[in-house]
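Please look over the sequence and the structure shown here before reading the report that follows.

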Amino acid sequence: MEQPFAITLNVDSSLANHTGSWRVERPQYVSLMPPCNNACPAGENIQNWLYIAEDGSYEQAWRALIAENPFPAIMGRVCYHPCQTACNRAQLDEAVGINSVERFLGDLAIEKGWKIEVNTPSSGFRVLIIGAGPTGLSAAYHLRRLGHDVTLRDAATAAGGMMRYGIPKYRLPREVLDAEVARIAEMGVRFQLGQHVENLQDAINEDFDAIFLAVGAQIGKRAYIPAGEAARILDAVNVLRDVEDGQPPLLGRRVVVYGGGNTAIDVARTAKRLGAEEAIIVYRRTREKAPADDGEIQEAIEEGVLMKWLSTVKHAEVGQLKIEKMALDENGFPQPTGEFEELEADSLVLALGQEVDLSLINNVTDLEVRDGVVQVNSLMMTGRAGVFAGGDMVPAERTVTTGIGHGKKAARNIDAWLRKTVYEKAQNPKIVEYEDLNPWYYSDAPHAVRPRLEGARRASTFDEVVQGLDESTALYEARRCMSCGNCFECDNCFGVCPDNAVIKLGVGKGFEFNLDYCKGCGICVTECPSGSIVMIPEKS
């Protein structure tokens, strides 16, 4: 018996009867925004480089990654991975370990000695960047790839900014930092270290076509705490800097750190490594409200750091602190209780946040400072034409990842301004939600856990705490990606189409629909795991 022409696989009968003329909707392949990409402050195309890494094409994946972020080995260690918080896979089993795969690629690049070639013709423009932290280094990298002559100037004798002077070695080994910074120098970026810019106007008077201000927040905020003359009170930023410079301060056997951010955690863990028998964090709010990353808090607890939540320092004397207990009011805000306790302490380290030294712009007109930060427009330009600013200097979240994203954004806008054009960022497509996927195709596969040094051992050494994944585990983790909103050529649509209307274009080229065959049944949409096919109204 002859089959109805609507489902026949015979080409002649289907075309002759124009099956597609019955449709009210037609399928369309789309490339949507994965939530991980959308959440990344550095603007990485995460789904893309994970997809490339899935078949072991590691160098190609690394090159796709560094198109946006030049520091995968660094970021694979210090980024608090908001991409994983946003990952749709978390609603199936566990989020993809994006950060761990990024570190694997970054470490492999260092091991293999992969280089970055600058093939763009010279633009003839010269750009000065003040500040060699993550923001300045990122801007230098992207500007150099765009063909500009770049000079990077910093007061410190080594590049890295707060990555070097604010993040301890047990989180970021210096050989990793040095290797990724060296790659920037190899591209032809000129480093002028140990040169403190005291007056921006002097720099403006030099022969540069644009200037980018990327000075980090390296001044610790002070708070008035009544104290005896001999009380030992130190600043967290200075403590970490002194440790990096090989001149650790004498903190004593009992150290109290006042604050609840990541710097407070870093100082307390550093104090333990410097020999303190007790390191105690005092914070006026609860653990849930602490700005520090919860993973960092947990690691500190594992290393023996004690936590006094809902507490505040009221007075400091030699060897002793007066602590007031707090209580949450009906709105969840801490309020003093009038209940005090004594806490033995040889030193008190203040970790209450950081500020930027803006003295270099004091004599420059047209630069507006508000609430301790420089105001910039949507192009990251200050009120002074040709002077741009980013990172800690402008209103933004103060993280390494944000700084790297700022450097890239500034570089693109500086490049456009120099060339008398305007950089226009492509409009982001729709963000893919978990409900847009068909997750039944994915079996449960919990994420790979990065090994860690044991707590007792690690608290006595600056050896790196969190270890990397080996190749097999990294490959497994990359393959856990569900490729949200983007076709990964699983062939489901090709296999389930009842009318043979899906045409394979070849490996890496995707598919297209033969609309003479397609009757708009939508089975391809129902069976697409990644949500990269949608139905749209038929054209009239």
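This is a predicted model: local features need pLDDT of at least 70, side-chain atom pairs count only at pLDDT 80 or more; totals for chains, interfaces and linings use all residues.

Residues are numbered from 1 along each chain as its sequence is written, and side-chain values use heavy atoms, with hydrogens and water left out.

Helices (H or I, at least four residues) and strands (E, at least two) are DSSP runs, numbered from the N terminus. β11 and β12 belong to an open sheet of three strands with the order β11-β12-β13 and antiparallel pairing. Within the pair, H315 stands opposite K322 in β12. The edge strands, each of which pairs on one side only, are listed below.

| Edge strand | Residues |
|---|---|
| β11 | 311-317 |
| β13 | 334-344 |

Elsewhere, the axes of helix α4 (residues 58-66) and helix α7 (residues 98-112) come within 10 Å and cross at roughly 105°, the axes being lines fitted to C-alpha atoms over the stretch in contact, with angles running from 0 to 180 degrees between N-to-C directions. The two helices α4 and α7 are therefore roughly perpendicular to each other (65 to 115 degrees). Their contact (heavy atoms within 4.5 Å) includes Y58 and W62 of α4 and F104 and L108 of α7.

Finally, S347 lies in strand β14 (residues 347-350) and is buried, with a relative accessible area of 2% (buried means under 20%, with a 1.4 Å probe and protein chains only).

How values were computed
Angles under 35 degrees count as roughly parallel, over 145 as roughly antiparallel, 65 to 115 as roughly perpendicular and the rest as oblique. Buried means under 20% relative accessible area, exposed over 50%, partly exposed in between (1.4 Å probe, protein chains only). Two strands pair if DSSP finds at least two bridges between them.
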